[in-house]
Amino acid sequence: ALSVSGILIAQQPLSLTDGVSRTLNERISHQMSAIQNEVTLRNRGEVITQYEGSQYFNPNFEDIEIKGFNLDFSQLRYNAYSDEMEFEKEGQIFNLTKVPELMIYFPITQYQFLKYPIKGGKVEGYLEVLVHDKEKYSLYKRNKKIITHGEFKNNANKANTKFSLVNDSDLYLIRYKEDKFYDFPTNEKQLSKIINNPEVLDFVNKNKLNLNNEKDKIKLVDLM
């Protein structure tokens with residue numbers, strides 16, 4: 001069996017839409033409840049010590065299963081800002097080593113580490129698995145947190161408005177046989193380019209599926 005280990009959380013570059021290079025520093029803490037308050041955002045020497053929101057959709061560590069691996073921990077949580085799986089050991093926070101195609105089973109969901117397409121290229125990261133079928137079609141969702149802009153006073157060394165961590169827009173991807181990815185279709189014409197099957201299109205129409213609704217997306221890919 002393979003072994004999965006962790007690495008310490010390190011500085012991570014953050015690039016916002018204005019092109020200014022910023023860095024998020026998250027320090028290891030022995031006080032688990034204080035971790036959120038220890039994130040500082042630095043902008044050309046100016047330090048932001050306050051922000052609203054959370055890096056997590058669920059901040060709690062949950063029991064997990066990773067098949068085929070020996071683990072020296074039993075719980076993880078997903079950091080949706082840094083795109084890291086975190087585990088706690090002896091009062092410190094570690095990041096799970098990233099392994100291509102790794103599947104992580106949480107109590108009510110699962111995540112997989114994949115290389116997937118976005119506008120402008122490909123990235124590697126964790127995607128939530130909504131439907132998984134190695135022989136047919138799978139459905140994935142990206143759960144991501146981003147930072148909104150704060151404002152600085154002229155010549156001030158601190159922000160005068162808070163930065164916020166907010167949910168990024170949803171990204172849904174269909175994957176065919178663990179190979180090609182497609183953006184989730186928003187209409188029948190786009191769907192027919194992925195799977196040209198009259199029965200599937202008929203199913204969409206007869207059941208009045210809303211392709212913008214997550215539950216209907218799952219129904220569709222389950223059928224495909």
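Predicted model: local features only at pLDDT ≥ 70, side-chain atom pairs only at ≥ 80, totals over all residues.
How many residues lie between S10 and S11 in their hairpin, and which residue in the turn has a positive phi? There are four residues between the two strands, and Asp-83 is the one in the turn, with a positive phi of about 60°.

First, the chain overall. The secondary structure comes to three helices and 20 strands. The chain has 224 residues, and 42% of them are buried. Taking contacts with a separation of 6 or more, 49% are between residues 24 or more positions apart.

S10 covers residues 75-79, and three bridges join it to S11 in an antiparallel arrangement. If you want a pair to look at, Tyr-78 stands opposite Met-85 in S11.

S11 also pairs with S12, again in the antiparallel sense, over four bridges. Here Phe-87 is opposite Phe-94, which belongs to S12. These two strands form a hairpin as well, with two residues between them. Glu-90 sits in that loop between S11 and S12. Its phi is near 55°, which is a positive value in a residue other than glycine. Is Glu-90 buried or exposed? Glu-90 is exposed, at a relative accessible area of 72%.

There is another residue of this kind further along the chain. Lys-208, in the loop between helix H2 (198-206) and H3, has a phi near 50°, also positive and also not in a glycine. Lys-208 counts as exposed because its relative accessible area is 73%, and the cut-off for exposed is over 50%.

Now the salt bridges. How many does a search of the whole structure find? The search finds seven, and I will go through some of them.

One of them brings us back to S11. Lys-98 forms a salt bridge with Glu-84, and the closest N and O atoms are 3.5 Å apart. Glu-84 is in S11, residues 84-89, while Lys-98 is in the loop between S12 (92-96) and S13 (103-105); the two are 14 residues apart, and the pair links distant parts of the chain. On accessibility, Glu-84 is buried at 10%, whereas Lys-98 is partly exposed at 33%.

Another uses the loop between S12 and S13. Arg-175 forms a salt bridge with Glu-101, with 2.9 Å between the closest N and O atoms. Glu-101 is in that loop, and Arg-175 is in strand S19, residues 171-176, so far along the chain that 74 residues separate them. Arg-175 is buried, at 5% relative accessibility, and Glu-101 is partly exposed, at 37%.

One more of these pairs is Arg-142 with Asp-168, where the closest N and O atoms are 3.4 Å apart. Arg-142 lies in S16 (residues 137-142) and Asp-168 in the loop between S18 (163-167) and S19, so the pair ties together parts that are 26 residues apart in sequence. Arg-142 counts as buried because its relative accessible area is 14%, and the cut-off for buried is under 20%.

That leaves the sheet that holds S16 and S19. In what order do its six strands run? The order is S13-S14-S15-S16-S19-S20, the pairing is antiparallel, and the sheet is open. S13 and S20 (180-183) are the edge strands; each has a single partner strand, so one side of each has no neighbour in the sheet. From one strand to the next, the twist averages 40°.

Within this sheet, S15 (residues 121-131) is joined to S16 by three bridges, and the two run antiparallel. Val-129 has Tyr-140 in S16 as its bridge partner.

Finally, the helix on this sheet. H3, residues 214-223, lies across S15, S16 and S19, and runs at about 155° to S16.

Conventions. Residues numbered from 1 in each chain as written. Heavy atoms only, no water. Salt bridge = Lys/Arg side-chain N within 4 Å of Asp/Glu carboxyl O. Buried < 20%, exposed > 50% of the residue type's maximum accessible area, 1.4 Å probe, protein only. Pairing = 2+ DSSP bridges. Axes fitted to C-alpha atoms, helices over the stretch in contact; angles between N-to-C directions. Contact = heavy atoms within 4.5 Å.
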